Amino acid sequence: MIKKLPSAVIKNLIVVVTLSLVALQASANLFIEINRGNNNPTPIAIVPFAGANGLLEDIQAIVSDDLVRSGFFDSIPKADMLAFPKSQAEVVYRDWKMLGASFLLVGELTNLGDKYSVRYQLFDVLAQKPILNATVSGGSNGLRDIAHAISDAVYEKLTGIRGIFSTKMLYVQDLKRPSASRYRLVYADVDGARPRVLLSGSQPILSPSWSADGKRITYVSFETTRPAIYIMELATGRKTQMTNFKGLNGAPSFSPDGSRLALVLSKDGSPDIYVLDIASRALTRVTSDQYIDTEPNWSTDGNSVIFTSNRGGSVQIYQVNLQNGRPERLTFEGDYNARPRVSPDGKSLVMVHRSNGVFHIASQDIASGNMRILTETYLDESPSIAPNGAMLLYATQHNKRGVLGAVSMDAGVKFRLPSTEGDVREPAWAPYF
Amino acid sequence: MKKTYSAIAFAAAFSLLTGCASNKNTDASNAAVVEPTVESTQSSTNTVVIDTTFYFEFDSADLTTAARSALMLHAEQLASNPRSIRLEGHADERGSREYNMALGERRANAVRDLLVLQGVNASSIETVSYGEEQAAEQGSSEMVWSKNRRVELK
Amino acid sequence: MIDKLSINALPITVSVLLHGLLIWVVVRTWGDMAPPPEFKQPEFVKATLVELKTKAPERKVAPAPQQKVDLDADKKLQAAKELERKAQEAAKTAEAKQQADAAAKKAQELKAAKEKAALETSKEKTQKEAQEKLKQEKLAADRKAAEDARKRQQESKEKALREEEMMVAELASEEAVNSFTAIFKDRIAQKWSRPPSARRGMTCELVIQLVPTGRIVAVNIVKSSGNEAFDRAAEQAVRAVEQIPEMRDLDIAIFEKNFRTIHLLFNPEDLRL
């Protein structure tokens with residue numbers, strides 16, 4: 001049983017509580033909203049790893065190049081570093097703060113005979129605390145892979161997005177002179193290192209593309225003096241010719257489950273989209289008209305194909321449901337939109353887009369239809385989206401040579417991949433595998 | 001004398017403009033008949049040269065009048081001397097690659113269709129498109145591009 | 001025992017809470033109290049203790065000659081200075097003592113005179129008192145009225161003055177808030193580098209603590225955006241700013257009222273994606 005409080009007590013209670021609240025109010029409650037920021041890269045200091053001197057690959061340089069090329073980091077020059085700490089115990093935060101670094105990466109490499117093991121640590125210089133501590137190891141040929149794995153880990157920790165530094169790409173190289181290997185299909189690290197020629201010939205090679213599991217590629221080759229579609233198994237290098245029809249055989253694209261190829265054939269009169277079952281070779285016609293329908297790309301659910309067509313009077317991008325539908329137009333801005341590629345999350349398209357007579361790469365949000373031009377270069381073509389959806393590779397020209405360019409999906413970062421000889425073009429960014 | 005001279009001069013000038021030549025036969029030597037369209041030249045081996053490259057406008061597969069004329073001559077030639085021919089279609093570098101393959105094919109088909117209309121046996125014509133893969137000239141100017149938008153008859 | 005406790009449970013809890021609240025409030029505001037002003041009037045204290053302290057100056061003088069025994073020249077100078085200071089103090093205390101004596105004497109004389117006058121006029125007083133009383137009462141009434149009026153006037157004047165002061169203080173405070181809010185927004189925006197995973201619509205809230213020099217001494221995330229990289233970038237932006245030096249010149253009351261604790265909401269409206 002609770003006794004009823006006497007009124008005097010209640011009165012005092014009220015007085016005291018009120019007074020306390022008044023005293024409380026005397027303290028600050030200022031609210032400020034920060035609604036804009038900068039687009040500056042974040043400065044990071046990457047200290048040369050202990051024990052990594054004199055190796056075949058410069059891990060510090062690879063990590064630094066990776067992070068800088070992503071556009072979101074600035075790397076503090078080695079020459080400015082006062083010390084080369086290798087672990088937390090040796091880190092004096094104040095020194096790194098003075099250099100202007102927001103983050104600090106240190107590490108130590110150990111040679112275990114048959115492989116290397118690298119322990120690395122990432123520190124938040126301003127908050128003065130470690131935020132990442134891990135070890136990565138790899139074979140003696142895998143120094144680049146170790147470095148890229150570290151770049152990926154740092155990038156993901158600091159940006160919230162999975163890194164693409166360990167991914168691969170395909171591209172076509174044209175030596176621009178008569179040769180038995182004038183045209184090459186090249187497989188390389190996405191930073192251009194360790195190029196491997198998968199295929200070469202005196203006749204054109206084009207439209208390389210990956211299967212979702214990264215195990216096979218498909219492409220068009222003129223090696224029979226006519227265009228034909230091939231599939232190559234990367235592990236073995238074994239090639240299989242998939243088509244040999246009259247007219248065009250082009251633009252092959254693996255379905256998300258890898259069982260079918262969407263492609264272009266003009267055997268029935270004009271270029272149309274077909275779907276070929278890889279195992280059974282059964283062919284299904286998807287479009288049937290006198291227009292040019294080409295460059296099919298699958299939707300992420302594998303139920304529709306998005307393609308280029310001039311059926312509306314100008315070159316635009318359409319989508320067709322494979323079960324039933326009539327093609328539905330997707331692009332309405334500009335008088336030329338072609339070569340669609342769907343982003344990994346299925347939410348946007350990238351394409352070749354002509355604006356004021358200039359060919360750029362543009363992205364379009366599928367739901368809203370909002371389009372944004374991403375590149376400032378021109379004569380751009382063949383966009384290929386990174387598996388993390390954050391960047392894309394494309395082909396462009398620089399100093400009269402074909403080069404690859406890269407841009408981030410928010411159009412914030414742009415850089416170029418130089419070509420070694422001749423022109424390079426038609427990049428195909430490999431998936432994560 | 002003056003009349004013949006001027007006739008020849010006129011014909012020569014016209015043939016320059018049209019870029020075509022004809023294999024009209026020996027009748028011409030009898031009279032100074034002015035041929036309003038073509039001029040013929042004869043080499044010692046009795047072969048005739050007609051234009052074998054035809055040009056197009058951007059994103060178009062329409063044949064020009066000059067192309068049509070030349071193709072009609074080709075059709076005639078093929079009628080008397082049938083052989084297999086290969087039509088290679090091309091496009092300039094602008095735009096996407098596979099679309100340009102389709103464009104090149106369109107152009108090659110336009111040439112083929114005209115020849116077939118003129119009586120050439122369809123099975124003796126092979127068409128291939130190279131899209132923008134094999135440019136005739138390097139460069140990125142309208143001049144160069146116009147040279148690359150073509151069909152080559154081989 | 002337990003019964004008694006449960007009966008009194010509520011009052012006890014309330015009492016404890018109130019005490020706790022009071023203690024907390026006091027502790028919170030303790031540091032805000034300005035240190036007491038330096039006490040600059042030692043003479044008064046000494047005046048009342050004159051009887052006891054008369055020996056003190058003598059005692060203080062005595063050790064000084066002992067210091068003269070020291071051979072070090074510096075120390076001699078120090079000693080001489082010390083001596084001079086103490087002599088001045090002694091003189092001051094002597095003077096104060098003199099004044100106090102004089103005042104006391106005067107008071108005594110006044111008192112005696114009063115008593116005498118009182119005796120002489122006591123008889124006349126009773127007669128005049130009645131008349132005087134009436135007169136005085138009227139005068140008093142008049143005086144009171146005048147006094148009241150004056151008081152009211154004074155009060156309203158003071159009130160107006162206080163109100164004006166408050167308004168001025170309010171304005172100054174508001175002005176400070178506006179201008180420093182702009183400075184904060186600007187400086188933090190300059191240092192806020194968003195990660196590529198940041199999207200419009202992501203927000204996070206931080207609370208920061210400042211000291212009067214404008215230095216930010218604590219940063220805490222109170223509402224995460226759900227994206228670790230986004231949160232970290234916001235924190236880093238604040239740490240990179242580190243200090244708003246202009247705050248040093250700010251009036252301390254305004255600082256306490258507005259800027260000791262600040263809530264920051266990071267809301268990137270300028271992102272392309």
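**View 1. The interface of chain A and chain B.** In this predicted model, 39 residues of chain A are in contact with 27 residues of chain B. The area buried between the two chains is about 2,500 Å², and carbon and sulfur atoms give 52% of that area. Of the area that chain A buries against chain B, 19% is supplied by A:Leu248, A:Ile292 and A:Glu381, which is more than any other three residues supply.

**View 2. Polar contacts and salt bridges between chain A and chain B.** Across this interface the rule finds four salt bridges, and one salt bridge joins the side chains of A:Arg425 and B:Glu133, with 3.5 Å from N to O. Residue pairs in polar contact between chain A and chain B number 16, with both residues of each pair at pLDDT 80 or more.

**View 3. The side of chain A that touches chain B.** Several strands of chain A each supply at least two residues of this side, including strand S14 (249–254), strand S22 (337–342) and strand S30 (423–429). Strand S10 of chain A gives the most, with three residues. Sorted by class, the side of chain A that touches chain B has 18 nonpolar, 13 polar and eight charged residues.

**View 4. The fold and surface of chain C.** Chain C contains nine helices and three strands, which follow the pattern α-α-α-α-α-α-α-β-β-α-α-β along the sequence. Among contacts in chain C between residues at least 6 apart in sequence, 74% join residues at least 24 apart. Of the 273 residues in chain C, 22% are buried, while the chain exposes about 20,300 Å², with carbon and sulfur atoms supplying 59% of that area.

Technical notes. Residues are numbered from 1 along each chain as its sequence is written. Chains are lettered from A and ligands numbered from 1 in the order in which they are written. This is a predicted model: local features need pLDDT of at least 70, side-chain atom pairs count only at pLDDT 80 or more; totals for chains, interfaces and linings use all residues. Side-chain values use heavy atoms; hydrogens and water are left out. Contact means heavy atoms within 4.5 Å. Buried area is the accessible area (1.4 Å probe) that two parts lose on being put together, summed over both. A polar contact is a pair of N or O atoms within 3.5 Å; within protein, one must be able to donate a hydrogen and the other to accept it, and residues adjacent in sequence count only if both atoms are side-chain atoms. Helices (H or I, at least four residues) and strands (E, at least two) are DSSP runs, numbered from the N terminus. Ala, Val, Leu, Ile, Met, Phe, Trp, Tyr, Cys and Pro count as nonpolar, Asp, Glu, Lys and Arg as charged, and the others, Gly among them, as polar. Buried means under 20% relative accessible area, exposed over 50%, partly exposed in between (1.4 Å probe, protein chains only). Accessible areas come from the Shrake-Rupley method with a 1.4 Å probe; for residues, only the protein chains shown count as cover.
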